[in-house]
Amino acid sequence: MGEEKEKRKVGERRSAQRIKRVLADTTPKHLEQLTKQARALAGDDGEGDGEDSSMDAVRRKLGHLHKRHASLREKLTHPSPPQKSLVLRMQEEFEKGIEGRRLEGEEWNDSVIKELQERLYSGDAAGSAQDDQEANGEPQIGDRQGGEEKMTVLVNRKVIRGVKGGHIVIRFDTAFGAKNFESYYCVLKSNSSMDKLYVVEHSIPFFLPVRELEKQHLSNSPKRFIDHMGDVLQAYVSRREQVIELKKLKGDLIGELYHSLSYTLIEIMLKEPQCQVGLSLAYHNSDSELPTQSTITAWPLSTDLITQTAAKRPGRAILKNSTAFRLPKAEAFLRTMPLPRGFEEFLGDLRDTLGLSSPQVVVAAPQVAIEAPHPATEAAKPVMEAPKPTIETQPLPNEAQPMEIEASVEAPH
């Protein structure tokens, strides 16, 4: 066993020495071959003085680097202006004036969009679009060329224009009351007149459902997509302006006001010294200008006011195990009227429910305003109480009794 191990070790040692000799012989040759290949790639034929050839190659490479450096420096110090988006260029174009064919009623349908697509991709229009794209690197607006009119359609508060390069640009105009507000743009594109349209660019706020409407309508009916998107934008502007107008008219009554970005959820808390009132409005449809759900909850802050409310309005829904109650009539007003007008009706219902006069909804009523209708002397008080002696038995707070007496005196009239 010992002799076999020795023989195996000797054999391994000889094999290792043989491999070293082979590598020692072949490595220099391999390195020489690699050197020749590198010189050939560098343009050096290997003839003449090796040092001079190497210096020439270094000089050539250095000159090339200097040229690249100068080119990059020029680009950085004098950058070319970025290309404008199609939306920005269309905004500038529309400012010059809008001319087109106005459609009404049944004239506005999907065939109008189909006609625009066919005109964009037919005959000379397709060829000129390709030439313009190659020359300028951007789609060109389909203005008057060759005696042809602009490919523009006017529908309600929307402007639809065909743009060379297979684009269809829609401008959505919005308004509230008699005032015009923002215009929003949406760019549609198709690869051919037979392909379906898709949205490539728009200026619509990100929180509005552009992509959802695109998936829902655009592939089946471009008209439905355009109309629905226009309704969504108009409703968004209307909800926003209703809130702004409410703050201008009734800002002194509002303690806190919160709303979502799209104004589809609005929360309002009133400044009321005698009770706490909260309004919650929800718009479940993004194209709705009126809330689909309204909730008004009031919490009287005084025991006398709670007793008075329960006595005067036994039909009101006072929450179980709580002093809070709802105002169904005012909630209906808010669902059927614009917010400023519905808010006014709500205040009237709240005052009637709590038995308060108009000034008390904002601040506590001045003592002079309560005592002014009655004589100042004590002798005159029985004269007022004589016609209605039963009023003294009603469970009203002391400061509210004069108002109840005034109401009973005015009732016969």
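Reader: What are the ground rules for the model and its numbering?
Author: The model is predicted: local features need pLDDT of at least 70, side-chain atom pairs count only at pLDDT 80 or more, and totals for chains, interfaces and linings use all residues. Residues are numbered from 1 along each chain as its sequence is written, and side-chain values use heavy atoms, with hydrogens and water left out.

Reader: Is Cys-186 buried or exposed?
Author: Cys-186 is buried, at 0% relative accessible area. Buried means under 20%, exposed over 50% and partly exposed in between, with a 1.4 Å probe and protein chains only.

Reader: Turning to helix α6, which residues are buried?
Author: In α6 (residues 210–218) they are Val-210, Leu-213, Glu-214, His-217 and Leu-218. Seen down the axis, these fall within an arc of 105°, so they line one face of the helix. The arc is taken from the directions from the helix axis to the C-beta atoms. Helices (H or I, at least four residues) and strands (E, at least two) are DSSP runs, numbered from the N terminus.

Reader: What covers those buried residues?
Author: The cover includes β5 (179–189), β6 (198–202) and α7 (222–250).

Reader: And which residues of α6 are exposed on the other side?
Author: Glu-212 and Lys-215.

Key. Contact = heavy atoms within 4.5 Å.
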